[in-house]
Amino acid sequence: MDRNFYKKDVLDICPHILGKTLVRKCPDGTIFKEIITEVEAYRGEEDLGCHASKGKTERTKVMYENGGLIYVYLVYGMYWMLNIVTGNTTHPQAILIRGTKNISGPGKLGKALKLDQTFYGEDLDTSNRIWIEESGIKNIKYNQEPRVGIEYAKEWKDKPWRYTLTEYEI
DNA sequence: TCACGGATTCGT
DNA sequence: CGAATCCGTGAT
């Protein structure tokens with residue numbers, strides 16, 4: 001996908017990133033290529049579930065960039081989480097990729113993709129080791145539910161910003 | 001330098 | 001549903 005795809009609001013992009021293909025070329029030559037089936041939106045400093053709610057720090061600064069960059073971080077000391085920065089520089093936001101067709105769970109996805117800190121800030125439009133492309137599938141249907149794992153986010157935890165792909169045609 | 005806690009996972 | 005797990009973050 002080209003750069004402009006990622007510059008819209010995160011809530012507009014989520015339904016369209018479902019069904020796209022995530023591609024990762026590993027150092028050992030193996031290629032991971034799977035349809036994205038589950039994502040979550042994190043939207044702005046006002047969203048208490050979003051890391052940017054703590055303001056701009058060394059960790060969150062990439063979310064303040066224009067969309068199309070990768071935001072990775074380590075959670076529970078062991079899982080690398082894959083996020084795509086979206087929007088523009090006025091509103092920090094990102095999409096957490098939670099699962100693909102054969103991999104369920106963001107921690108397991110990060111492991112399968114062999115992610116590490118060097119992916120922080122990677123440009124999806126120019127990278128030769130990870131990107132997102134059209135899959136050709138059509139007639140997508142999806143569900144929206146509350147996001148998981150953010151019990152601390154008060155009223156924001158109930159926002160239906162978790163998107164799961166339910167049906168599609170090849 | 002260090003205390004804190006988490007966008008998870010797995011087993012019960 | 002609850003505990004394990006352990007590194008990086010962010011403040012000092």
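Buried means under 20% relative accessible area, exposed means over 50%, and partly exposed covers what lies in between, with a 1.4 Å probe and protein chains only. By that scale, Glu58 is exposed at 62%.

## About the model

This is a predicted model, where local features need pLDDT of at least 70, side-chain atom pairs count only at pLDDT 80 or more, and totals for chains, interfaces and linings use all residues. Residues are numbered from 1 along each chain as its sequence is written, chains are lettered from A and ligands numbered from 1 in the order in which they are written, and side-chain values use heavy atoms, with hydrogens and water left out.

Let's start with strand S4, which spans residues 79–85 and holds Asn83; helices (H or I, at least four residues) and strands (E, at least two) are DSSP runs, numbered from the N terminus. Asn83 is buried, at 4% relative accessible area. Setting aside neighbours within four places in sequence, Asn83 has contacts (heavy atoms within 4.5 Å) with residues including Leu69, Tyr71, Ala94 and Leu96. The Asn83 side chain also reaches the backbone oxygen of Met81 at 3.3 Å.

Tyr79 sits in strand S4 too, but it is partly exposed, at 37%. Together with Tyr76 and Met78, Tyr79 forms a nonpolar patch on the surface, with about 400 Å² of accessible area in total. Patches are made of residues with over 30% relative accessible area and no salt bridge, like charges being joined within 9 Å and nonpolar side chains (Val, Leu, Ile, Met, Phe, Trp, Tyr) within 5 Å. The areas come from the Shrake-Rupley method with a 1.4 Å probe, and for residues only the protein chains shown count as cover.

## Salt bridges

Side chains of opposite charge can pair when their charged atoms come close. A salt bridge here is a side-chain nitrogen of Lys or Arg within 4 Å of a carboxyl oxygen of Asp or Glu, and the count comes to 13. One of them joins Asp125 to Arg3, with the closest N and O atoms 3.6 Å apart. Asp125 lies in the loop between helix H2 (106–112) and strand S7 (130–133) and Arg3 in the segment before helix H1 (10–17), so this pair ties together parts that are 122 residues apart in sequence. Asp125 is partly exposed at 34%, and Arg3 is partly exposed at 30%.

Glu58 returns here, paired with Lys61 at 3.2 Å, N to O; Lys61 is partly exposed at 34%. Lys157 and Asp158 also meet in a salt bridge, at 3.2 Å. Salt bridges with shared partners join Glu38, Glu40, Arg98 and Arg162 into one network.

Methods. Polar contact = N/O pair within 3.5 Å; in protein donor to acceptor, adjacent residues only side chain to side chain.
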